[in-house]
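Some notes on the model follow, point by point.

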Amino acid sequence: MDSEDSIELDSEEYSPVYFELSELSLNFLEDFFKNEIEVLVFNTNFLQNNGFQYQKDIDFTQLYRFLKVEYNTIYSIDPKVTDALIEKFYRDIEYLFRFYTKFKEKRSNINSVYSNFLNKNGGVASIGQKIFKKDLDNKEIEELDDILKSEFESSFLKEYEEIKSELKRVINTKSYYFDALLWKEARKSRSINDFFKQLVRLNIKSSSDLNIKLFIVQYLNSVDLNHVKNPKWHDYLQKVIKVID
Amino acid sequence: MIVKNTIYTENEIARILEAGERRKLTASEKKLLEIYDKIYLFDGIGEEDIIKIVKNVSFKKVKKGDVILQEGEKSPEIYFILTGKVVVVTEKNKIVATIGSGYMFGEMTFVTKHSRSATILSYDDRTVLLSFEIDEDKCSEVYAFPFVKLYQNIALDLARKIEKTNKKIKAGNR
């Protein structure tokens, strides 16, 4: 291959070569995140078409364990509170949280995803052949592999972050409404009121004080904040109890 | 059972949306909810409903001699005495009744819509009142239950007062 024919592998982001590489990555990623996109489209349509307001104040993706505990606690005190709708809603959210956790695992396997991408497209040599319409030598294949990997990773991360942020928005909104519905019904229950009001240290003056904050405060009171495994999360919990009313 | 894309009925969506309506309670509203079980007007009405049907909840600190209600004025507030006491006086400044903490006054205007029938003064330098109004704009089918209960409670209270007066009259006639 002489210099006139040599492949353009400079770092010009918008060159036709980069455009083709990007196309290949995006086509693959669209398929790779197919399930996430389907769940997102379904839930986003549901929230938008029914007048739900997106919630930003509380990041429930960090509070899932508290949602679980409050649901189970309320159910164990007065099972009548968790009626068919609340149970259905809880299962829906439970699914979304599991789905979100699984989705996040995809981020740590980026190398194996890249290998799948190469396999699906017949390897670096085959991709080079398709783009440049000629066989590449070993050096060029190596060079292309580096560019391809970097291009793929950047497309992957961009797509991943977008989906992550949208999924969080859906989960936070649905969780907010679930939490509100659960406590609205729980506050009507005499057993729930009696149970929490007798816990003197929680200092519950009225049933409007009954909310997820109780469980977070109780948890924070029970741990030694100087020896926690995840200080960032605990910092967030400290902040969030000031937001929750 | 875990379901991928859960479907909700229109009624279910309405219930969820209603529960999520964001409304932060004011400090006064919170205080009202702490003591509402002492206010007969709210007997049998849940906290969620109380907050929906009351408005302009506030605290008032008054000194001895301060006029809280003036006979003849038109005002919609209902008062609950948190601390201290107030006196009901006639035109000639004669004290006809004393009302202490834990009791309320001013609620009859909500029913009669008449102007205040007596003047009420603070009888204590440390009188703290919680005042609120009933939001009659909410008196519709949606809030039918709390309003029915509210009128029922007032009717019951009036009936008791009439009974008490009748007893006094009978005792006086003996």
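1. In this predicted model, B:Val67 sits opposite B:Leu121 of strand S7 in chain B. The two strands concerned, S2 (residues 67-69) and S7 of chain B, are antiparallel and share 2 bridges.

2. S7(B) also pairs with strand S4 (residues 85-89) of chain B, again in the antiparallel sense, through 4 bridges. Here B:Ile120 of S7(B) is the bridge partner of B:Val88.

3. Helix H1 of chain B (residues 10-20) has B:Arg15, B:Ile16 and B:Ala19 as its buried residues. They line one face of the helix, because they fall within an arc of 95 degrees when seen down the axis of H1(B). Their cover includes H4 and H7 of chain A.

4. The contact between the chains involves 24 residues of chain A and 21 residues of chain B. On the chain A side, helices H2 (34-49), H4 (84-108) and H7 (138-186) each give two or more residues. H4(A) gives the most, with 7 residues. By type, this side of chain A has 10 nonpolar, 5 polar and 9 charged residues.

5. On confidence, chain A has a mean pLDDT of 86, with 90% of its residues at 70 or more. Residues 1-5 of chain A are below 50, and this stretch has 2 contacts in the model beyond near neighbours in sequence.

Definitions and conventions: Residues numbered from 1 in each chain as written. Chains lettered and ligands numbered in written order. Predicted model: local features only at pLDDT ≥ 70, side-chain atom pairs only at ≥ 80, totals over all residues. Contact = placed C-beta atoms within 7 Å. Nonpolar A, V, L, I, M, F, W, Y, C, P; charged D, E, K, R; others polar. Buried ≥ 20, exposed ≤ 12 C-beta atoms within 10 Å, placed from the backbone. Arc of directions from axis to C-beta. pLDDT = per-residue confidence, 0-100. Pairing = 2+ DSSP bridges.
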